[in-house]
Amino acid sequence: MLLDAILEAAPDAMIVVDSAGNAGRIQSANGHAVNLFGYTRDELIGQPIEILLPERYRARHPSYRNGYFSDPKTRPMGAGFELLGRRKDGTEFPAEISLAPTPSAEGVRVIAAVRDLTERKRVAAIVQASERRYHNLLDNMLEAVQILGFDWRYLYLNDAAARNGHQVKEEMLGRTVMERYPGFETTEMFASLRQCMEQRTARTTEFAFMYPDATQGWFEFSIQPVPEGLFILSLDITARKRVDQELRALNVELEQRVQARTAQLEETNQFLSAIIENIPDMVFVKDAQQLAFVRFNKAGEALLGVTRETLLGKSDYDFFPTAQAEFFQAKDRETLRSKAVLEILEEPLETKHGRRWLHTKKIPILGADGAAQFLLGISADITERKQADEARARLVAIVESSEDAIIGRDLDGLVTSWNKGAERIFGYSAEEVVGKIMPSQIVAGHETESGLLMQRIQKGERIDQLATLRRRRDGQEIYVSSNVSPILDSAGRLIGSASISRDITETKRNQDALARAKDAAEAANRELESFSYSVAHDLRAPLRSIDGFSQALLEDYAEKLDTEGQQYLSFVRESAQHMARLIDDLLALARVARSELHREAVDLSRLVRAAITRLERAQPERSVDVMIEEGLTCEGDPRLLAVVLDNLLGNAWKFTGKREDARIEFGATRKDRNTVYFVRDNGAGFDMAFANKLFGVFQRLHAAADFEGTGVGLATVQRVVSRHEGRVWAEGAVNRGATFFFTLHEQDRVA
Amino acid sequence: MSNDKIILLVEDNPKDEALTLRALNKANVLNQVVVVHDGVEALDYLFARGDHVNRDPAVMPELILLDLKLPKIDGLEVLKTLRLDERTKLLPVVILTSSVEEQDLVRGYSLGANSYVRKPVDFVQFSEAVRQLGLYWLVLNETAPVNRKP
């Protein structure tokens, strides 16, 4: 039948229940029903429907059944009730039953469709559980979850969402966002949400959110369009944002610090570089493996005379003679191996400027692992110092080898240096004296000299040739002549004194002896002076008598004397007069030898003229042609030079006495560097053969009968000229006159 | 030349004395010549004391010829002394000596001698010198008036 076919085809269990007569009996059941309840068809048909119910419901069910049959409609059964079905094996299952009346010949039948809800319920339970779990999850999530409906009502929000919003969850559900957050629709956030809501787009973004209490928070929103509206996952990133900001600030600060640090480092680097560059010593760095130059400073460039560009990357072998390069590299390797500083006090270096001497330190630069990475070298050019040292050594040698005592003292009077000469002169060895106050050698009574000396030295004065009496170590007294000078440092400050002393005991003794001799000589001189004075005086008196009384005789007793007698008396007179002249001349000669030589400007021409005048006055009857060169001056003793001229001119006058055309000349010529004065006459002259006798005392080259004279005059002239460091000589010829030359203060005199 | 101008000759050497007197004579110097033989006597005479105590001190010589080398007190001492005394301060003194030593000249003049003449050995010259002395000092020269007691 059709019905049966439909029932059979129906996906659910279908049971037809009779109403009248067999009320409540199963008329038919489909395959599904059979499967569902576990009965066979035959077991089902004719049974009360209640057998399909759990026992506890069977009693009540007929009333319901009857109620349905009184008004049968198509409707679900047991609305609002959970219906249970019972299987043959007694197990129960949830069911959904829908009833549909169907008319039949036998009356109204009910078709009951029974759906096993077990699965559905199970699934529903699962779903529910799942949902619950899901809700739990959502509820317990840190993130805020909100589901907003299209009307902006909160369909769901979890605790976190409420917390985030500083609100209470129960007050929010069902309310609109605007209600809960007044002014929200003005915000950017809302605009964003609306866009998502309307355009059904998803978005993840950050927003600053103003709380009702006016505080601000930052949130990260993930907005998802869902069928209900919008699903919003939000994370309170306020803290994170703050941290972010702090981090950013920190970063900025860090950045600044890094920059500052970098600048500092840069500065330090430049500073260090500047130091290296400006160190006046050569600074170089070589790498430890190849010993090639990696750094080279300005001083090094100056020293070697090469630029660093030519040097960097190369090694010693590229620049220096092999032997030298080997030496350098050997030292380098030694330094690197021993990992200790190597000092080379002196090494020669051939540079473009010649040979220089260096004081070098080689320093290994180790890496963090302790292995040698670089070799640092610092070389000071000690060439000048070496030369200075050598010069100093020479000076020290000079000081040491000096015969004089050379003593250095500091400001406190402590001896700083004491040479061999000092040891010899004063008798103290250097060990005994250096570093101590100089042993008091001042002889008692001379102490004040030393005190005054120190004062003057401290004022920075030099003391020259100070003679003092000192006592040697062995007690012997000696005379010492010292030159003391202040020692100044390079800034000009007084740091001590240096004295050079000579033992002048011998000299002083000599000087004393000389002084005594001089005194004695002077005393003798004075004695001689008064002696010769009185001698002359006493010798003249008798001569006067001789002459006087002879003359008296001649005058008064002339008639008693014959011619011869008279002649004899005149001889007597002449002799007495001659002797008088001798005495005068000898006295003059002696005086010339004795007297002090005054030195002043002397006008020789004037002296000559004066002498001539005297001669003319004494013999006015003579006429002599006299030529005097004017303006001839010299330096000397005027009295003594007057004597010279008197003598020379007197001679010229005398020896031209026999000539009518007597001529006397006085002048000067220059010979080499000297002025030669001359007195020339055209008188009797002399034989040059006897020229060497001219100047001897009492020596005469003429007979007294021809020309009178004492023979002392020229000796006197020679003595005076000699005392003036000059020479006198003569040229002449018999009867052809004579020229007497003399010089004064002769230069380049050959003894 | 008048007689009342006295010449005091201070000379120790009798020969020189004789020669000087002779020279004065030859020169027609007829003044009274008083001769004293040493420095003490010279002063005694001038100050009218000692051997010359009886001399009239108001009468002073017109000219003093003074030798330098004298026994007892020498010529320069005499000169010095008489130049210190009011009575004899202004008397003309001619030093007549054989010395021409410079220091004597200087000292002589310093002590107030009016003239210094050297005695030559040559008598003829000596006579001439004396004559000139006399002519000048006794005739030409005006001497200072001396206080004379009436």
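I take helices to be DSSP runs of H or I with at least four residues, and strands to be DSSP runs of E with at least two, numbered from the N terminus. The model I am reading is a predicted one.

**Entry 1. Chain B, overall**

On that basis I find 5 helices and 5 strands in chain B. Read from the N terminus, its elements follow the order β-α-β-α-β-α-β-α-β-α. Chain B has 150 residues, of which 53% count as buried. I also looked up the contacts in chain B with a separation of 6 or more: 65% of them come from residues 24 or more positions apart.

**Entry 2**

I asked in which order the strands of the chain B sheet are arranged. The sheet is open and its 5 strands lie in the order S2-S1-S3-S4-S5, with parallel pairing. Its edges are strand S2 (33–36) and strand S5 (115–118) of chain B, each of which pairs on one side only. On average, neighbouring strands are turned by 20 degrees against each other, direction ignored. Helix H3 (residues 75–84) of chain B packs on this sheet, where it touches strand S3 (63–66) and strand S4 (93–97) of chain B. The direction of H3 makes about 175 degrees with that of S4(B).

I then examined one strand pair in detail. Strand S1 (residues 7–10) of chain B runs parallel to S2(B) and is joined to it by 4 bridges. Within this pair, Ile7(B) has Val33(B) in S2(B) as its bridge partner.

**Entry 2. A nonpolar patch on chain B**

I noted a nonpolar surface patch of about 390 Å², made by Leu135(B), Tyr136(B), Val139(B) and Leu140(B). Leu135(B) belongs to helix H5 (residues 123–140) of chain B. Is Leu135(B) buried or partly exposed? Its relative accessibility is 43%, so I record Leu135(B) as partly exposed, because that class lies between the 20% and 50% limits.

**Entry 3. Ser234(A)**

I record Ser234(A) as buried because its relative accessible area is 3%, and buried means under 20%. Leaving aside residues up to four places away in sequence, Ser234(A) touches Glu143(A), Ala144(A), Gln146(A), Asn164(A), Glu220(A) and Phe221(A).

**Entry 4. A hairpin in chain A**

Strand S17 (residues 405–410) and strand S18 (residues 415–418) of chain A run antiparallel and are joined by 3 bridges. Gly408(A) stands opposite Ser417(A) in S18(A). The two strands, S17(A) and S18(A), form a hairpin with 4 residues between them. In the turn, Gly413(A) has a positive phi of about 90 degrees.

Most residues other than glycine have a negative phi.

Leu291(A) is not a glycine, yet its phi is positive at about 55 degrees. Leu291(A) sits in the loop between strand S12 (282–287) and strand S13 (293–296) of chain A. With a relative accessible area of 0%, Leu291(A) is buried.

Asn735(A), also a residue other than glycine, has a positive phi near 65 degrees. Its place is the loop between strand S27 (728–732) and strand S28 (738–743) of chain A. Is Asn735(A) buried or exposed? I record Asn735(A) as exposed because its relative accessible area is 56%, and exposed means over 50%.

Key:
Residues are numbered from 1 along each chain as its sequence is written. Chains are lettered from A and ligands numbered from 1 in the order in which they are written. This is a predicted model: local features need pLDDT of at least 70, side-chain atom pairs count only at pLDDT 80 or more; totals for chains, interfaces and linings use all residues. Side-chain values use heavy atoms; hydrogens and water are left out. Buried means under 20% relative accessible area, exposed over 50%, partly exposed in between (1.4 Å probe, protein chains only). Contact means heavy atoms within 4.5 Å. Patches are made of residues with over 30% relative accessible area and no salt bridge: like charges are joined within 9 Å, nonpolar side chains (Val, Leu, Ile, Met, Phe, Trp, Tyr) within 5 Å. Accessible areas come from the Shrake-Rupley method with a 1.4 Å probe; for residues, only the protein chains shown count as cover. A salt bridge is a side-chain nitrogen of Lys or Arg within 4 Å of a carboxyl oxygen of Asp or Glu. Two strands pair if DSSP finds at least two bridges between them. Axes are lines fitted to C-alpha atoms, for helices over the stretch in contact, and angles run from 0 to 180 degrees between N-to-C directions.
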